[in-house]
Structure formats: structure tokens, C-alpha cells
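Dear colleague,

I am handing over the structure below, and I would be glad if you kept it open while you read the notes that follow it.

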Amino acid sequence: MTEEAFGEERLFELLGGGQLGVMMCIEGHGFLPPHRRCPHCGGGVETVTETRPRGEILTHTTIAVPASDFIGESPTVVIIDAGSVRVTARWDHDAPPEVGQRAEVWLGQEPSPHLRAHPVR
Amino acid sequence: MDNTAPSHRERVDPHVIGVGSTPFGPEGSGSFRRMLADAVDAALTDAGIDEAAIDEVHHANFAGAITDTQNHQAPLVADLIGGGVPTIRHENACASGGFAMWSAVRAIHSGAADVVLVTGIEHLSPLSTSEVTTAFAMAADELYEIRNGLTFPGAYALMARSYISEHAPDEYRSALSAIAVKNHEHASVNPLAHFQSTVDLQTATEAPMIADPLNLYDSCPISDGAAAVVLAAPSVDATGERVRVRGVGAASDHLALQTRESIHATAATATAADRAFEDAALTRDDVDILEVHDCFTIAEVLALEALGFYAPGEALEAAQRGETTSSGWLPTNLSGGLKAKGHPVGATGVSQIAELTKLLRGDHPMAESLERPRVGLAHNAGGTVATAVVHLLEVLEHD
């Protein structure tokens, strides 16, 4: 697979194995697939790196009025600074998240592949 | 790439020669087609022009496929004026109306058209709240946001908490609620507004949470409504009082919040504003009144900062000081804004132009509170401001 062909299927496959696949451009910007060019500078894709999907929570919300697929739930969503990229994930822990808290991203499967997060030390 | 229109000195500026709108509200004022026809009738009557003069139609709608099982709406609008003219539907989420207007302005700039009808509509009342929430969420990124359960209010809540974390205003709760109080007050005298009543600060502050930290009174209502604007080249004869479209600017940003340079600072608005001011050869100091995209109270804060009227972190406290009320130095959302006039998505950007036109002409209910404004700014944003468009309107000076 070429770097340009790195897509969400491979992202989810890697995440299932505990790694976050990040596309890197020649200027060193990181971004998640799919992209043919860097969304930040327009540069070409140089490589795909695999990193441990951990970082600090930048922001979060708990949704009291959900969309139809989440009736009966109050999904909490976080954005995490994972180093070269930020990732959005559904929070999966009893205690609510806090800004600055360390968290790890993992792969949720139902009803379709998506990103989940829980706290780590 | 130069994606602005021909420079201000090389072209004629279109005039808004007529505006019309249905009342905005939870049940609308009729069927999808009835509301559309009423808005067009009102705009043509206001313009005092025959529909046969219209060269193009630019129509805005977001969720018609879901609400009324109706895509391909543009021919329905063309049929209202006799049919046959080129017609197109614009969909840029909540900025659909603003981009329909932007496209119409550029059609006149280019010389391709002399008279253009711009329409916008949304008919959300057939849907339940959860169905509307699902539809609105489609303005976000399906892969990275919607699958995680993120909603439209949820996305703005992420932006709000990011803003609060960075700028740490001590009294953010009451400051956000002050914006809700202000916009309800403005809407209370606007017969077209969804909310016809004021709200007090305590009620706004203590309202039930929708997506924390945003509560019910931080959020725009679910509204039906339609709006229409008739644009014309200066040479076109019509009886309606005119307002000049002095400048336009548009821009985009990454769809997902996670990819943006800042989670809360809206770069697309900043770029669109810079382009509009350059296009108009005007500065921020020239602007007297604003209609900005306040789908949530925090959105008005982010808009005023990105538009360049406040430094980052300053607009929230400025709202609490009353600087954006009708008697403040920067009167903002005198219509009631999306927050209280309502947000029928496709109609919103067109309605902003209609409201601003009436404020500049002096025939708006809030016009009495103003000292003869000369320049007005309209700002319309799509989703979490992945798209943004700014128009600068100016009173036409008579010889």
C-alpha cells in the first residue's frame, strides 16, 4: 500500500492493533486519512507513522439531546491532542473527562468502526 | 489563486432592490411550497419589478430530501416566476443561503445577469427533535465526528469549552446568557421572529443543558421559514428602495474540528471577512450594524472575534458589558439573530440580507433605535464554520 492509498480501513485496522496510523507530509505535518495532500500545507504525503494513540484531552462535551442513533444515551465526545494529530473520540468511562486529562484511543466497532477513548495515567 | 470577483473599481455593485420573508417559527406559515411562494411574492412586491425581468434563480436548502422528500428544488422556484430561467440549488449546510447570495452577486459582477432572485427555505416541522438533530449533524464530518455521537450543539459545545479553556473568562456562563437575553430582546419587536418574547438572565442561565457547557437558551430554536431577495444591476429600473452590495468574501476550512489550526477560532470567517473588506474597499471602522451567525451564543462570540471586531478572548466580556446591544457601539443581530429570530437553515443567510436591508433602509422595527446606519455586515457560516461568507451592504446615497 502506498502512503497516498492509506485510508480509513487501514486506520481502523491499525487501531485494532493498538496503533494510530498518522500520515505525515514532507513538512512534518500529521493528519488522518484519507488525504492525497497535506490539509495544512498542501505538501505531498511522505510517510505513514504508527504511534501509540495517547494524549491530553483538549475539550469535551456530554450530549443531553442526542441524534436518533443514540436515543437513550448521553454520548460524551472528546478531542485529544495525540501529538502530531488531534483525534475526536467517544468517551468510554464512568467518570466524566477533564481538560488536560491523559487518555488513550481505541477502536469501537458498533454500529460502524469509530474511535473511543478512556483515561490512562 | 485569486478567487475574488473583479476589483471594486472594475465592476458595478449589485443593488438589493427587494426583500421578503415569511414569519419564522416552529410550525411555519404553511407548506414547503406555500412558504416559498409567499417569500418570493413579498420580495417581488417590495422590489416593484416584473418577474419576467429575472435572469437567474439561486436557491438555498439543506434538508429538503429528509423533510419533504424533495431534492431538485430549484425548478420549483423558477416555476414560481414563470419557469425557463437558469436555476440552481445551493447546499452548504447553515451557510446555504449566504452562498446562494454570494453566487448571485457574482453573476451580476460578471455581467452574466442583470436581475437575480435569491431564495432560501427550510421546513423542519415534519421532523421530531431527534430527527432534526440527526439531520443537522450531517453538517459535520461523518467519519470522525458523527459516528462518535457528535451533534450540532455538541460540536459547538466542544468549541465553547476549548474557548473557555484558552481564555478562561471567570463569568462565562452569565456572559453567554447575556447574549441570549440581548437577542431575545431584539427579536421581541420583530414580527418575523420565532421568539416574540424576552427572557431574563436567570432563566437563560439556569436552563436545561443541551450539550455542556451549552444550555437550551444558548441554542437557536428549530424553525420553519423562507426568505427571498431580488438583486439587480444599478441600471435596472425598479420602484423599490435600494441598498448597494458593496463587497463579498467567502472561504472554507477543514470539515472536522480536529483538523483545524484551532478548535474554536474560526479561520474561514476571518478569511471571508478579509476578502469582503478588501473587495469593498472598506474597513471595520466603517461598519455600523451586523447580522452574524449565532446558532449558539458562543457562535456570536467567535464570529465577532474572527470578523476582526474584537481580539481573541475579548468578545465574551464585551457582550456582558452591553457593547453589542442596539445602544452599544457595535449593534449585533438586531433581527434577533439565529438565536431568537430563528434558524430555518436554508433561509437563514437570505434572511440576514433581508433584515440588514430593512435596517439600512430604515423600515425595520429596530431601525428607530439606530442613528442612520450606513454600512451593514452579514456573516453566514456552515456547520462549525467549515464554510463562511460575508456580505457588506451600504446605503445608496442619492444625488
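By class, how many nonpolar, polar and charged residues does the lining of the largest cavity have? The lining has 2 nonpolar, 6 polar and 3 charged residues; please bear in mind throughout that this is a predicted model.

To put that cavity in context, the count comes to 3 cavities of 30 Å³ or more, and about 70 Å³ of space lies in the largest cavity. Among the residues that line the largest cavity are B:Phe24, B:Glu291, B:Lys341 and B:Glu355. Two elements, helix 12 (337-340) and helix 13 (345-361) of chain B, each give two or more residues to this lining, and helix 13 gives the most, with 4 residues.

B:Arg11 forms one with B:Asp13, where the closest N and O atoms are 3.1 Å apart, and another with B:Asp279, where the closest N and O atoms are 2.8 Å apart. Because B:Asp279 lies in helix 9 (residues 267-280) of chain B and B:Arg11 in the segment before strand 1 (15-21), this pair ties together parts that are 268 residues apart in sequence. Both B:Asp279 and B:Arg11 are buried, and B:Asp13 is buried as well.

Helix 9 also holds B:Asp274, which meets B:Arg284 in a salt bridge (2.9 Å, N to O). B:Asp274 counts as partly exposed at 44% relative accessibility, and B:Arg284 counts as partly exposed at 24%.

Finally, B:Arg244, B:Arg246, B:Asp286, B:Arg374 and B:Glu394 are linked in a network of salt bridges.

With best regards

How values were computed. Residues numbered from 1 in each chain as written. Chains lettered and ligands numbered in written order. Predicted model: local features only at pLDDT ≥ 70, side-chain atom pairs only at ≥ 80, totals over all residues. Heavy atoms only, no water. 1 Å grid on protein atoms, 1.4 Å probe; cavity = no way out; pocket = protein on both sides within 12 Å on 5 of 7 lines; lining within 4 Å. Points joined across faces, edges and corners; volume = space filled by probe spheres on them. Nonpolar A, V, L, I, M, F, W, Y, C, P; charged D, E, K, R; others polar. Salt bridge = Lys/Arg side-chain N within 4 Å of Asp/Glu carboxyl O. Buried < 20%, exposed > 50% of the residue type's maximum accessible area, 1.4 Å probe, protein only.
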